[in-house]
Amino acid sequence: MSTVKIELKPHQVEQIKQICKEFNNDPGELINVLHKVQNTFGYLPAEIQELVASELNIPVAKVYGVVTFYSFFTMLPKGQYPISVCMGTACYVRGAEKVVEEIKKALNIKIGETTPDGKFSLSCLRCVGACGLAPVVMIGEKTFGRVAPESVKEILQEFL
Amino acid sequence: MSTINITIDNKTLQVDKGTTILKAAQKAGIHIPTLCYMHLEDLNIEHKPAGCRICVVEVAGRRNLAPACATECTEGMVVNTHSLRVLNARKTVMELILSDHPTDCLICPKSGNCDLQSMAHQLGIRKIHYQGEQSTYREDTSPSIIRDMDKCIMCRRCETMCNEFQTVGVLSAVNRGFMAVVAPAFEQNLDHSPCTYCGQCVAVCPTGALTEVDHTNQLIRTLADPAKTVIVQTAPAVRAALGEEFGLPAGTLVTGKLVAALRRLGFHYVFDTDWAADLTIMEEGTELLDRLTRYLNGDKSVTLPILTSCCPAWVKFFEHQFPDLIDIPSSARSPQQMFGSVAKTYFAQMLGIDRKNLVVVSIMPCLAKKYECTRPEFAVDGNPDVDFSISTRELANLIKQSNIDFLSLPDEDFDNPMGESTGAGVIFGTTGGVIEAAVRTAYELYTKKPLPRIDFHELRGLDGIRQATIDFDGLKLNIGIAHGLGNARKLLEDIRAGKSNFHAIEIMACPGGCIGGGGQPLHHGNSTIIKARHKAIYLEDSNKPIRKSHENPYIQKVYQEFLGKPMSEKAHHLLHTIYFDRSKKSFVVTQE
Amino acid sequence: MANYKMHILVCGGTGCKTSESDMIAHNLRSSLQQHGLADDVQVVMSGCFGFCEKGPIVKVLPDNTFYVSVKPSDAATIIEEHIIKGRPVQHLLYNDPATGEKISESRKMDFYQQQYRIALRNCGFIDPENIDEAIARDAYQALGKVLTQMKPQEVIDIIKRSGLRGRGGAGFPTGLKWEIASKVPGEEKYVVCNADEGDPGAFMDRSILEGDPHSVLEAMAICGYCIGASQGLIYIRAEYPLAIERLKIAIRQAREYGLLGNNIMGTGFNFDITLRYGAGAFVCGEETALIHSMEGHRGEPTFKPPFPAEKGYKGKPTNVNNVETFANVPAIILNGAEWFAAIGTEKSKGTKVFALAGKINNVGLIEVPMGTKLRTVINDIGGGIKNNKKFKAVQIGGPSGGFLTEKHLDTPIDYDSLTEAGSMMGSGGMIVMDESDCMVAMAKFYLDFTVEESCGKCAPCRIGNKRLDELLEKITEGKATEEDLSLLRNLGQVIKDTSLCMLGGSSPNPVLSTLEHFYDEYLAHVRDHRCPAGQCKALVHYIIDPEQCVGCTACARACPVNAISGERKKPHVIDQLICIKCGTCVEKCKFNAVLVQ
């Protein structure tokens, strides 16, 4: 997994230690800790994983093994407006693939990437459960249903 | 224990409750092939992730095939281990594994010694029907170990050794699905991790994914350099295992042939690390007595237990994991390094040559020794005390490359002054040996009386953690022994918690001690091999005319002529070392 | 509830929320405020009504008027017309597609008529964030009955007699599972609710948790009483924020009411529930993987036995059931085992919830008695195929399930019939496909999913599914041979036969079942390099039929690569060298002039 190099500021270190403490520094709570840390920082760079490992007294390799196992965890910061295209079966059969292609073209990024200006990042997810509205695209907090490939540009325009 | 009746391949038999199909079949003389499974019975290590699925068998009444390694027998079970369905599944799974594995067997360091290769042969794979993308990873080289994960088959044996047995925790499965692989954190190189280079991952790897850094070519070039005087030292455990590479039964001692082979390879002097082991006992034994006496006299600055420090993997382990305890281990260098520093001073002077023209090579059962020679504190002006180390396996390969018919070699003796050793030096090669050697010497130095007996059976054995109390003429000395870093960790945690009542503890990183080292001929999961080497070491000891380190005439000589006495200033300078706190280091490095 | 004369339920399921149902509720409230009716009429965000196709749904009580496809701008009209003047808003009523009649009561709609709601009994009827409403509909009565009148074994016997089987997919008898866990000795035991619903296209469990969280909490406490556990854990996908929020509220309210925590209802029984979050790994639906994940490890399954009942969470005896399974339990306790056992077929009792989706008119969440025929679900409840296209297949059980065809339409939906037909019950995803769906491409869609979600622990799943996927890719590109088809079949069977867990053990089902039922379609790809459904890009050509083309230029304007040329009002032509086969022209042409060959 590619990563970015960061330097944690003292208050961030304190924040992470505090989160670990909330979970009693219990290694069994690793996934809950990672959820909370990612919620706070947006992503889980190596330095954070190292700190979590030392707070929970487990090998950092184990933390990395867990982070890379679960698709929810990311080591790269997401865009200001993360775009998620539902790739559940209902959306797939109703043309989600074409929508993804269109977004890729419009933003000139691949799945898992972020635009150079940090504005958008693109990912696919499995079933948001709005199958009646298939295909579904989520941008930031906002959900768009029955998205046609040709409406992609218009939708993106809203966020520019 | 209740028994169960089962039928395997039309043979009916009775097995104990809890027996797996694999073990039951073995009992019936049926060999079910396995790949990821590993059971080192005598060392209490069982690894059965049931991941490779090569051992699947057909159990009547079950919908799917069952992995024999993990499925327990049940009453009346009927098993077929080679039905058409089983053979087809087994071959198909094997083809799948091979389809994600390079086929460069011809030039693979593991060729001829690879479990995957033999399994492909055994299953009669002639074509890989399923082809597609292969997973590829960046190659990683460290001072001791090369990771070529393209060859990883995800048996996860290395992960078990690193995490459960050694509790080093450097390796973990990372990513998932087709991209899953075993790697250090952030898929960085091992030298950015707390790896101890114990090499147990290499020792159990069924393929060429984990191998040692090979120094044989460097050795060949060095031996051909007319400007250099090349000397060799060979560790005790090597002589108890090298024969296996030439078809001799495990446990055959080949000391004489080993010396003869090394001479034919072109070494100018063939010495013995056992000699340096005797030297280690002089230093470590003296240090033990010094600390013990001061402790008993109420000196509060002295802490006990004293821990042995011969094993470089163990040293690196406590530097990373127990930095708060770095004052406890003996400051004595390992025999390999004592040999190196004496050779490049005392022996170089004797020959009248500059240390830069004297090359010290070591033959070791160990991969961490390769790393140990590169530690900066073991060099003078950039010139290392030990130039490089090659493993038992590499030596065997070099002997073959040099057209030496090992089995027909005569027995020859080591050279002097650094080749004479005692039985005490020999037993350094196995768990319990270092402390037994130390007891033999410390007893006589402390009590000023001759030992009533030379064999301390209470210190021997293969249990992971052992303890014994030795009566030093009234002083009850509590001794602890651990092999395997996971076992060592338990003793260290007791010390940290103030619960330890040991005076001295011996620790070796590898299962069985150096005889089970990461550089030894591969045991392929057969732990009786390690047991046989263990016995051989004690046999060599009992055959020795002198069995106490302090009685070694060449040890006495080196103190008289050069070092003065144990723990002298000179000895301190050349034979002792300091340890570093490596826990604080961040392992995150940026990679392009 | 007593103070209000009327209630307006607004669907707060994820689907309707996506269509701004929050805004509808907000507008309804402000309109009520304006008219001074805020104290007379209550607006409630309820759980999913199920009829997602027609969402957002708004229901007015007590007269049971069911409004469909409501927009935020309709809110004022509903208040002014319906609430104030008592006249239902005609244009928001459901239009029966067969008769053209307006229907205002949901139970009279085809979509609901064949349904039987047990697990979903409260969804769409209560405010899931208000425990009083749940209690008004009998929530926690079963728990009270169990704790005060019954011994654990008596409860287990009821569940056993009811014939309830695990709704997570495998169909293991629930009562038996509880009995095993109850008999394993241990001071510390756990009840785990598996809410890691991960099938693409499935949202049954989420809807239950969003619409009626108390049914699950209650059932977990009952289970805890039966097996001797005082701690419950719900393992829920982090991607379900609304369900998580509602569970948190429900747990808090249940604790406040003394229905969770110490000394429940004064009986001395202690039971509390905490949440554990999944992090996006489908394999964690497998119970051993789920337990490892809850313990903070990679969610890799381990060989069974030992089963969780013997050695589960933290090594302690653990009973794992899925959301829907739990949701059935209180109803069974209250209505009796015989009541439940009377519903369904001989070996599959009760009902099953399905997420009906795909090329079907009525996409939604449905619950039908076991044994209901596929035809009923697709034609009556589902309202048939969208755009009057022809039914081709229905896929049940997500990536683990198989495809069923025309000839299976009269197959009763139950565990054993579906397995026999080469599919499986699965957790309840049901995707309908029409003639324009290529079965090879669909099989590949599922395989893509499995490849991404395989944990990588065992070789057949890690490498085998990858190879299956690659073979399918070869086929969809027209590069495969007939030999590849036999390789495909052999590989599928071996993966099924040798994988460590049910993810690998069932992942070849989409391939094997399409090979079985649509072999000709595979052959067409391989032998004739043709995709009969016209979906596989590499194998299709788009041409314009000059007879049909009127030269409207719609296609040429829409073509993203300008491959279409032609003068106005004259037949157009597609340049095959430029065409990227995106299909836009087919969608744009109003004259069916673009042919796919």
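Colleague: What distance separates the centres of domain 1 and domain 3 of chain B?

Modeller: Taken over C-alpha atoms, the two centres are 41 Å apart. Keep in mind that this is a predicted model, where local features need pLDDT of at least 70 and side-chain atom pairs count only at pLDDT 80 or more, while totals for chains, interfaces and linings use all residues. Residues are numbered from 1 along each chain as its sequence is written, and chains are lettered from A and ligands numbered from 1 in the order in which they are written.

Colleague: Which stretches of chain B make up the domains?

Modeller: Domain bounds come from an automatic or database domain assignment. Here domain 1 covers 28-68 + 79-97, domain 2 covers 138-209 and domain 3 covers 217-575.

Colleague: How many residues of domain 1 of chain B are in contact with domain 3 of chain B?

Modeller: Two residues are in contact if their C-beta atoms, placed from the backbone, lie within 7 Å. By that rule, 8 residues of domain 1 of chain B meet 9 residues of domain 3 of chain B. On the domain 1 side, the largest share is 3 residues, from strand β3 (residues 38-40) of chain B. That side of domain 1 divides into 4 nonpolar, 2 polar and 2 charged residues. In this count, Ala, Val, Leu, Ile, Met, Phe, Trp, Tyr, Cys and Pro are nonpolar, Asp, Glu, Lys and Arg are charged, and the others, Gly among them, are polar.

Colleague: And between chains, how many residues of chain A touch chain C?

Modeller: 33 residues of chain A are in contact with 37 residues of chain C. Helices α2 (30-41), α4 (60-69) and α5 (89-93) of chain A each supply at least two residues of that side of chain A. The side splits into 19 nonpolar, 11 polar and 3 charged residues.

Colleague: What pattern does chain A follow along the sequence?

Modeller: Helices (H or I, at least four residues) and strands (E, at least two) are DSSP runs, numbered from the N terminus. Chain A has 7 helices and 4 strands, in the pattern α-α-α-α-β-α-α-β-β-β-α. Its C-alpha atoms fill a box of roughly 50 × 30 × 25 Å, taken along the principal axes.

Colleague: Why can chain C be called compact?

Modeller: One way to judge is the radius of gyration, taken over C-alpha atoms, against a globule rule of 2.2 Å times the number of residues to the power 0.38. Chain C has 24 helices and 20 strands. Its radius of gyration is 26 Å, close to the 25 Å that the rule gives for 597 residues, so chain C is as compact as a globular protein of that length. Buried residues make up 59% of the 597 residues in chain C; buried means that 20 or more other C-beta atoms lie within 10 Å of a residue's own, exposed means 12 or fewer, and partly exposed is in between, with C-beta atoms placed from the backbone.

Colleague: Now a sheet. What is the strand order in the open sheet of 5 strands in chain C?

Modeller: Two strands pair if DSSP finds at least two bridges between them. The order is β13-β12-β16-β14-β15 (chain C), with mixed pairing. At the edges stand β13 (364-369) and β15 (403-405) of chain C, each with a single partner strand, so one side of each is left without a neighbour in the sheet. The twist averages 30° from one strand to the next; axes are lines fitted to C-alpha atoms, for helices over the stretch in contact, and angles run from 0 to 180 degrees between N-to-C directions.

Colleague: Which strands does β12(C) pair with?

Modeller: With β13(C), the pairing is antiparallel over 6 bridges, and C:A355 stands opposite C:L365. These two strands form a hairpin with 5 residues between them. With β16 (residues 429-434) of chain C, β12 (residues 351-358) of chain C runs parallel, joined by 4 bridges, and C:A357 has C:I431 as its bridge partner.

Colleague: Which residues are buried in helix α22 of chain C?

Modeller: An α-helix has 3.6 residues a turn, so residues three or four places apart point the same way. In α22 (residues 519-527) of chain C, the buried ones are C:E521, C:Y522, C:A524, C:H525 and C:V526. They pack against α17 (439-453), α18 (459-476), α19 (482-498) and α21 (509-517) of chain C. Just after α22(C), C:H529 takes a positive phi of about 50°.
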